[in-house]
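The overall dimensions of the chain come after that.

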Amino acid sequence: MSSYQPLDLRLPTPGCYADPERAGIDAEAVFDGMTEHLFFTLGKLAPTASLHDLYMALSYAVRDRLMTRYLASQEAIRARPQKTVAYLSAEFLIGPQLNSNLLNLGIQNEAQKALKRFGIESLGDILEVEEEPGLGNGGLGRLAACYMESLASLEVPAIGYGIRYEFGIFNQLIRDGWQVEVTDKWLKGGWPWELPQPDEACFVGFGGKTENYIDNKGNYRSRWIPDENAIGIPHDVPVLGYRVNTCNRLRLWRADATESFDFYAFNIGDYYGAVEEKVGSETLSKVLYPNDGTDEGRRLRLKQQHFFVSCSLQDMIRSLEKRDLAIEEFPNHWCVQLNDTHPAIAVAELMRLLIDNHHFEWEKAWEITNRSVAYTNHTLLPEALEKWDLSLFNSLLPRHLELIYEINKRFLQQIRVRYPGNDSILRKMSIIDEEGGKAIRMAHLATIGAHHVNGVAALHSDLIKRQLLPEFAAIWPEKFTNVTNGVTPRRWVSLANPEMSNLIDNEIGPNWITNMDLLTKLELKQNDTGFLERFGDTKLSGKRKLAGYIHRQTGVLVDPSSMFDVQVKRIHQYKRQHLNALQIISQYLRIKNGLANSMAPRTVIFGGKAAPGYYMAKLIIRLINGIAEMVNSDPDMDGLLRVIFLPDYNVKLGEQVYPATDLSEQISTAGKEASGTGNMKFAMNGALTIGTLDGANVEIREKVGEDNFFLFGKTESEIMSLRNNNYEPRKYIEALPELEEALRLVELGHFSNGDVELFRPLINNLKENDPFFVMADFSDYLKAQDRVSLAWANRPEWNRMALLNTARSGFFSSDRSIREYCKSIWKVQPLPVEITCDVN
């Protein structure tokens, strides 16, 4: 049962948890809070306040109302010490915060009423002003954000640790069909949701040397003497749970210099040298994911990882000291969850802090580390499994390299005992990769150091054990487990799709938002014609809103009554946006050849960013835009086909896209996608999926029913067989005239203004190598798309299938995922927060 309780606004004592001046949640109190912040915080008068001023004032007023719960949650863990989840992630794609906090507080209507007194008719006008925080990029960061929200909603004590990036990865523009990256200055207007805590700063070292010494007890010790230091300044972001008192925090580290200004250098005319240290140190938190195509980029990325991990672990240890808890008790108070390999240096850093700073013996330090750390793997792609060049690593973290060597030595000794004389398995399992230039395998370090290793979908976890880390799974079968990803229904249904949410509320009550299993009650309505029509109307409403956005952003008019066929995700060859593009060309050719009788009218929508250094992904974006230009200007396509690329896809835009989607494209090569979470958001919002048996698609199909999922493509084992038997993509091309014609049209420059060279690298890649088996899956994909068109023709049946997708999507709530982590990996219990105020 939730411990949420409305605050008693009659309490007279200011400064306590329930201070009536800052805790009131009726419209009058929200209005007063806005007025106060306009005047005292922003220095503005209401008649001259801009929309941004009103956004800031409302955000500060809402933040005031979070503080009661935020401080009470911290006091709760001090008063009743128990294990806290420390979620370490290089990114947290948290999205806009204002509407989420209004929803979780239950004051959206009150905020709307308060805004009307300032002459603002729609809360949406204010929400539109909010900048998207540039703290993440793709699914990894969005998953972290969903998990933080679910942890708070389930009243589980947790802190998310990451970096406060000054600039996000980039804003994406499309110019002449190409992606253009511009700086994401998301902090330029101020960010009202953070609380700087400079008194809790941490020092972090880099470079230098190590030296040995004898301590005052006669023990042989090592110490690290860095030649470069930075300061980590924590900025806390409150993370409120849904209608509970628990308010956890996201602690983001900003880098600062130990000495910001060198007066001597300035006085002798070396003006750059005077601030060189400041500029160098602050670069650590400047930008998300610096380009690692250069030595300096790789160096900066490794420094970023060590910087936020070291600050975070120091912060955890300091919290024990502040509460007079022994450091030996670390595993009883902290579960350190590594979100992929970016924070894997935590294994070595925690050992360093315990051995060098707190003088633990090796065995005790390793026990503490192993009992504290858990590792989530998010990828099977070799290029995404981080490895650091040994010389680079040694130049930045010499003491950590010594510790890794020792960890590796002790681990390999165990393997020698188990597999005597087997040098091959030693090479496979070593933390040090001896092939070519020596490198540190961070996934191996994390696996050895963690008490649990989990994948993020059933298929993915199976592939980790069978393909990625089979030798480790053989010796530690109990260490490997699965927790299928989930997404928060608060943001992705309630906030994103209020019309559908209201329809569901009216039918089954409002409790589904925290108990998604209740959605199964909607299955009883699958033959209710009236309800199916109302369900379809909510979809049409979402499509009209998105059609308006598309017209404003691209100038293209799309028909909301057409099927909205959507693929929005990071642009990568394995995600196979080019497979989708080629089938669009086939549909285009069918229309041109008078073969469109059975085709469903479609608006095909793409969105996503390509990494700045990923040329092939950028070329795919250029191809999509080339196709869009040709299709959208051809009168023959009117009423049948439109193609849209939505620039700068992000959380804010996703909230418009998911409710408007009829068909969800989840078409990655089987065995390549770890899980995916967009597929879950689409299903929750009543989209049907066309997809391969990859990632969480497998479980989505099992849950929603095979008849409500358009399956195509080769399985992971079939893909593996093709790879092992000299796969020849040309055979598939020659066997399918439609595919051959589509490729030929691209080669002839039809979608590149006659430039026959532009797409040659992409076409040659598909014909000669086709590393992600686009050609092998094309025929089956096209047949599946024909089944989609046939299904679309029967709209009542389509709506029934869409309803069943929503009704059976409860498993994919991040609440379920977090409960599984708490039970099987973290061993953490909820800690309900009670808010009291002594008025005597």
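I looked up K83 and found it buried, with no salt bridge. Buried means under 20% relative accessible area with a 1.4 Å probe, protein chains only. A salt bridge needs a side-chain nitrogen of Lys or Arg within 4 Å of a carboxyl oxygen of Asp or Glu. The nearest side chain of opposite charge is E329, 10 Å away; Lys and Arg count as positive, Asp and Glu as negative, and His and the chain ends are not counted.

The model is predicted: local features need pLDDT of at least 70, side-chain atom pairs pLDDT 80 or more, while totals for chains, interfaces and linings use all residues. Residues are numbered from 1 along each chain as its sequence is written, and side-chain values use heavy atoms, without hydrogens or water.

What lies 3.1 Å from a polar atom of the K83 side chain? I found the backbone oxygen of W826 there.

I then listed contacts, meaning heavy atoms within 4.5 Å. Leaving out residues up to four places away in sequence, K83 touches P157, P331, N332, H333, W334, C335, W826, K827 and V828.

I placed K83 in the loop between α3 (51-79) and β1 (84-88). Helices (H or I, at least four residues) and strands (E, at least two) are DSSP runs, numbered from the N terminus.

Next, the whole chain. I noted 34 helices and 23 strands. The C-alpha atoms fill a box of roughly 90 × 75 × 65 Å along the principal axes. Of the 840 residues, 62% count as buried. Among contacts between residues at least 6 apart in sequence, 76% join residues at least 24 apart.

Definitions and conventions: Buried means under 20% relative accessible area, exposed over 50%, partly exposed in between (1.4 Å probe, protein chains only). A polar contact is a pair of N or O atoms within 3.5 Å; within protein, one must be able to donate a hydrogen and the other to accept it, and residues adjacent in sequence count only if both atoms are side-chain atoms.
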